[in-house]
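Have the viewer open as you read.

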Amino acid sequence: MHLEDTIAAIATAIVPQQGSIGVVRLSGPQSLTIAKTLFEAPGSQTWESHRILYGHVRHPDTQVAIDEALLLLMLAPRSYTKEDVVEFQCHGGIMPVQQVLQLCLQQGARLAHPGEFSLRAFLNGRLDLTQAESISELVGAQSPQAAAIALAGLQGKLAQPIRDLRNTCLDILAEVEARIDFEDDLPPLDENLIRQQLQDLYQQLEAILDTAQRGELLRTGLKVAIVGQPNVGKSSLLNAWSRTDRAIVTDLPGTTRDVVESHLVVEGIPIQVLDTAGIRETADQVEQMGVERSRKAAQQADLVLLTVDAHQGWTEADQLIYDQVKDRPLILVINKIDLARADLVNYPPGITNIVLTAAAVNLGIDALETAIVEQVNQNNLSPQNLDFAINQRQAAVLTEAQLALKQLRQTLTEQLPLDFWTIDLRLAINALGRVTGETVTESVLDRIFSRFCIGK
Ligand SMILES: Nc1nc2c(c(=O)[nH]1)N(C=O)[C@@H](CNc1ccc(C(=O)N[C@@H](CCC(=O)O)C(=O)O)cc1)CN2
Ligand SMILES: Nc1nc2c(ncn2[C@@H]2O[C@H](COP(=O)(O)OP(=O)(O)OP(=O)(O)O)[C@@H](O)[C@H]2O)c(=O)[nH]1
Ligand SMILES: [K+]
Ligand SMILES: [Mg+2]
């Protein structure tokens, strides 16, 4: 893993001509030497760990100033990576940080791979794998709730129960192996106790696995498509909901030609809302392409808001659209209830989730959000307030552990020899170890950390 290299990267998001501060960071054995070559700290400032120095980054050959900057020194093992770390806090924009990075590379540092600082933090024992994954989730969080579960993971809320489960398995394994090695000197195994332990382990795993769906929802959010006939008020609904003028609204049917997207957060769930072209047969080629996109958006959405006009009632055209989307999770939005009575809309009995709105006057948006949260919870029975939530990788590996425990229960029931018990136990132990990274292959690490940002 080349821990002897000193790695360098720009650690903050950079935008040309913008941003007040940009950070370049170094980690590895040469960090301090490189920093001292590039950075001039005047006066009696001392190069001690956890100090900020003030000064200038200068080109080492010409002494030309590159930036006025602050330098933060964190010496091993008291740093994020547990290696010597130096951070140059430069002016923002791209020029200062890019030039400082170039100088670091000229002085022998190597450009860090995405996630390589965090990989080192993992390899050097600062973080376990679940904590490292939580860091990337924290950076990617799109809602306060998603950030909160990521931070919980970073603080070890997931790692700890997994380690406990693994230790219990290791204890059972030790008991079983002792019986294999010194059968005559030990009292017989308490099979009932082991059965009880297995049952507990299984249930705890089940509870942890139950957090996966909700976690996925909080992390990646929900794609919601507003579809319906032209002029029912889809764009008005998007605007009212997102409190913007994102989509053009006119009284001409066929106003929206392309998918219009808006992002919002409902009870911690990031939601991508798609307003689409009204679906109808049309000779207009451009509009027809828009209609195709509407159909596609509806098929790819996690939830469809089939919107109809209360004043028009349920029409044949509505029925045709409904037939195309009824296999999807769906909420019927009866709009324009300021113009007509919604209870006269004769929609099919198969539709159970209905919301009444008057988008033009911002009415019914709360009801819409409530209906969405209800719909989500119907398909997702896990508890609302999570201490932590596992991701898809962790869910897959924990499912393996659960299968191994199930197999072990079967092995006990069939009274198979103790050697078989150890096989099942080792499978479970190995899987649990892959969650926290105690047992993990290099290629898995590569896959996980390469998805991180550069400089993270
Ligand atoms: N400037 C800066 N901000 C940052 C980070 C960073 O690396 N640099 N972080 C990362 O991306 C996060 C903070 N994580 C960190 C975790 C540990 C240590 C650290 O130096 N720990 C030592 C120091 C404790 C002490 O005073 O002894 C330790 O635990 O030994 C630093 C940052 C978020 N903010
Ligand atoms: N009275 C009333 N009018 C509404 C309501 N919602 C939308 N409208 C009006 O209905 C017309 C069409 O609204 P849009 O939001 O453009 O409808 P759309 O479904 O996006 O239409 P297309 O993009 O053409 O498919 C506009 O004149 C809106 O002002 C409502 O709740 N009540
Ligand atoms: K319209
Ligand atoms: Mg529209």
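**Notes on the predicted model**

1. Let's begin with Asn 231, which counts as partly exposed because its relative accessibility is 31%. Please keep in mind throughout that this is a predicted model.

2. Two of them tie distant parts of the chain together: Asn 231 sits in the loop between strand E8 (222-228) and H9, while Leu 252 belongs to the loop between H9 and E9, 21 residues apart. Leu 252 has a relative accessible area of 56%, so it is classed as exposed.

3. Next comes the magnesium ion (ligand 4). Which atoms coordinate the magnesium ion (ligand 4)? They are Ser 235 (OG) and Thr 256 (OG1), at 2.0 Å. Here too the pair links distant parts of the chain, with Ser 235 in helix H9 and Thr 256 in the loop between H9 and E9, 21 residues apart. The magnesium ion (ligand 4) and the potassium ion (ligand 3) are separated by 4.9 Å.

4. Now a closer look at Ser 235. Helix H9, where Ser 235 is found, covers residues 234-242. Is Ser 235 buried or exposed? Its relative accessibility is 8%, below the 20% cut-off, so Ser 235 counts as buried. Not counting residues up to four places away in sequence, Ser 235 touches Ala 247, Ile 248, Val 249, Thr 256 and Asp 275.

5. Thr 256 is placed in the loop between H9 and strand E9 (260-266). Thr 256 is buried because its relative accessible area is 12%. Leaving aside neighbours within four places in sequence, Thr 256 is in contact with Ser 235, Ile 248, Asp 275, Thr 276, Ala 277 and Gly 278. With Ser 235 there is also a polar contact, side chain to side chain, at 2.8 Å.

6. A backbone point in this part of the chain concerns Arg 243. Although Arg 243 is not a glycine, it has a positive phi of about 50°. Arg 243 lies in the loop between H9 and E9. With a relative accessible area of 68%, Arg 243 is exposed.

7. Gln 63 is another non-glycine residue with a positive phi, of about 65°. Where does Gln 63 lie? You will find Gln 63 in the loop between strand E4 (51-58) and E5. Gln 63 counts as partly exposed, because its relative accessibility is 45%.

8. Please also look at the peptide bond joining Ala 76 and Pro 77: it is cis, with omega about 0°. Pro 77 is found in the loop between strand E5 (65-74) and strand E6 (85-91).

9. Turning to the helices, H4 (residues 129-140) has 12 residues. From its first C-alpha to its last, H4 reaches 17 Å, close to the 16 Å expected at 1.5 Å a residue. Which residues of H4 are buried? They are Leu 129, Thr 130, Gln 131, Ala 132, Glu 133, Ser 134, Ile 135 and Glu 137. As background for viewing a helix, an α-helix has 3.6 residues a turn, so residues three or four places apart point the same way.

10. Finally, Arg 166 is found in helix H6 (residues 159-181). At 13% relative accessibility, Arg 166 is under the 20% cut-off, so Arg 166 counts as buried. Arg 166 touches Ile 429, Leu 432, Gly 433, Glu 438 and Thr 439, again not counting residues up to four places away in sequence.

Conventions
Residues are numbered from 1 along each chain as its sequence is written. Chains are lettered from A and ligands numbered from 1 in the order in which they are written. This is a predicted model: local features need pLDDT of at least 70, side-chain atom pairs count only at pLDDT 80 or more; totals for chains, interfaces and linings use all residues. Side-chain values use heavy atoms; hydrogens and water are left out. Helices (H or I, at least four residues) and strands (E, at least two) are DSSP runs, numbered from the N terminus. Buried means under 20% relative accessible area, exposed over 50%, partly exposed in between (1.4 Å probe, protein chains only). Contact means heavy atoms within 4.5 Å. A polar contact is a pair of N or O atoms within 3.5 Å; within protein, one must be able to donate a hydrogen and the other to accept it, and residues adjacent in sequence count only if both atoms are side-chain atoms. The expected span of a helix is 1.5 Å times one less than its number of residues. Donors are N, O and S atoms within 2.8 Å of the metal (3.2 Å for Na, K and Ca); water is not among the atoms, so sites may look incomplete.
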